[in-house]
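Dear colleague,

I am handing over the structure we spoke about, with the sequence alongside. Please have it open while you read the notes that follow.

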Amino acid sequence: MREPYRVVAAGLPERVTVYEVGPRDGLQNESVVVPVEVKAEFIARLAAAGHRVIEATSFVHPKWVPQLADASELLAGMERVPGVRYPVLVPNERGLDRALEHGVQEIAIFASATETFAGKNLNRTLESQFEMFEPVVARALDHGLRVRAYVSMCFGDPWEGPTPVEQVVAVGRRLLDLGCYELSLGDTIGVGTPGHVAALIGAFGGPEQLAVHFHDTYGQALANTLAALREGVTVVDASTGGIGGCPYAESATGNLATEDLVWMLHGLGVETGLDLPSLVETSTWLAGELGRPSPSRVVQALGPAPATDTNVKE
């Protein structure tokens, strides 16, 4: 089978936006440095497969994320397809300055829902992180940019354990009050379960302005996504081929694979605008560039069979 059998499920959105994070969140944790021309081709292939939101790169200091040190070169040379959004991640005002220099129209900021991770990832306390975000968001809005906010460790923290729901809501509400148009709830170490997902979305008072970002450490990413969709969420972060993780949380494994997500959504009758064969082809190509197989189950099932040694006799 090359496509899933479709059975329209009740209680789900008619259409879901897949917020593609492969070029940024996917590549940032790779040990092999990917050439800028390969990154540009990766982004072009994603747009050709139907993506309308592709997070292109990050202006984090190259000392912390050397894989994305070529952000300026990438943005200066990559092709932009009309109708496709290419947000970039920025950590602070210097990152915003660089984004503005390159004519970026949309940025994302990243916050923590826990004290320990705020210190390890941002060198800030849970409270003082907002002092860093406030001028970034204000200036970005003044320049007409859209601002998205990520919140990490929304379901659990490897140092602190389960994250209190009310703590996540408090952080998220403050980011939305700054003027962020969307809040992506991140299960950074992949410990969430469907009931936890529903409880967190419910604690926000509903799905408005919420997106979800799941890692598949415990095999729960698709189940958690389905729970979020049943709560009314219509934006799901995913990474082509399931590549990525978090360089500041060793227990974080790969992101939810775009192909696995699309297979499930199309089987449920939910439209995405994405061409699954093109995504599989792109992931197969990228796996060759990275020198390792794709972790995506759908890519493994639909991609070319691995080469075998025909000289081996049974």
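In this predicted model, the side chain of Asp 260 makes a polar contact with the side chain of Ser 296, at 2.7 Å. Asp 260 belongs to helix 10, which covers residues 258–267, and although Asp 260 is buried, it has no salt bridge. The nearest side chain of opposite charge is that of Arg 297, which lies 6.3 Å away, whereas a salt bridge would need a side-chain nitrogen within 4 Å of a carboxyl oxygen. Once neighbours within four places in sequence are left aside, the residues in contact with Asp 260 are Leu 222, Ser 296, Arg 297 and Val 298.

Turning to the aromatic residues, a search of the whole structure finds four aromatic pairs, and two of them are described here. The rings of Phe 42 and Trp 285 have centres 6.5 Å apart and planes at 45°, so this pair is classed as tilted. Because Phe 42 lies in helix 2 (residues 36–48) and Trp 285 in helix 11 (residues 276–290), the pair ties together parts that are 243 residues apart in sequence; both Phe 42 and Trp 285 are buried.

The rings of Phe 155 and Phe 214 likewise form a tilted pair, since their centres are 6.1 Å apart and their planes stand at 50°. This pair also links distant parts of the chain, 59 residues apart, with Phe 155 in the loop between strand 5 (146–152) and strand 6 (156–157) and Phe 214 in strand 9 (residues 210–214). Phe 155 and Phe 214 are both buried.

Finally, which rings have an arginine over them? Arg 148 lies over the face of Tyr 150, at 5.0 Å from the ring centre, and the charged end of Arg 174 sits over the ring of Phe 130, 3.9 Å from its centre.

Methods: Residues numbered from 1 in each chain as written. Predicted model: local features only at pLDDT ≥ 70, side-chain atom pairs only at ≥ 80, totals over all residues. Heavy atoms only, no water. Phe/Tyr/Trp six-rings, centres within 6.5 Å; stacked < 30°, edge-to-face > 60°. Helix = DSSP H or I, 4+ residues; strand = E, 2+ residues; numbered from the N terminus. Buried < 20%, exposed > 50% of the residue type's maximum accessible area, 1.4 Å probe, protein only. Lys NZ or Arg CZ within 6 Å of the ring centre and 35° of its normal. Lys, Arg positive; Asp, Glu negative; His and termini not counted. Polar contact = N/O pair within 3.5 Å; in protein donor to acceptor, adjacent residues only side chain to side chain. Contact = heavy atoms within 4.5 Å.
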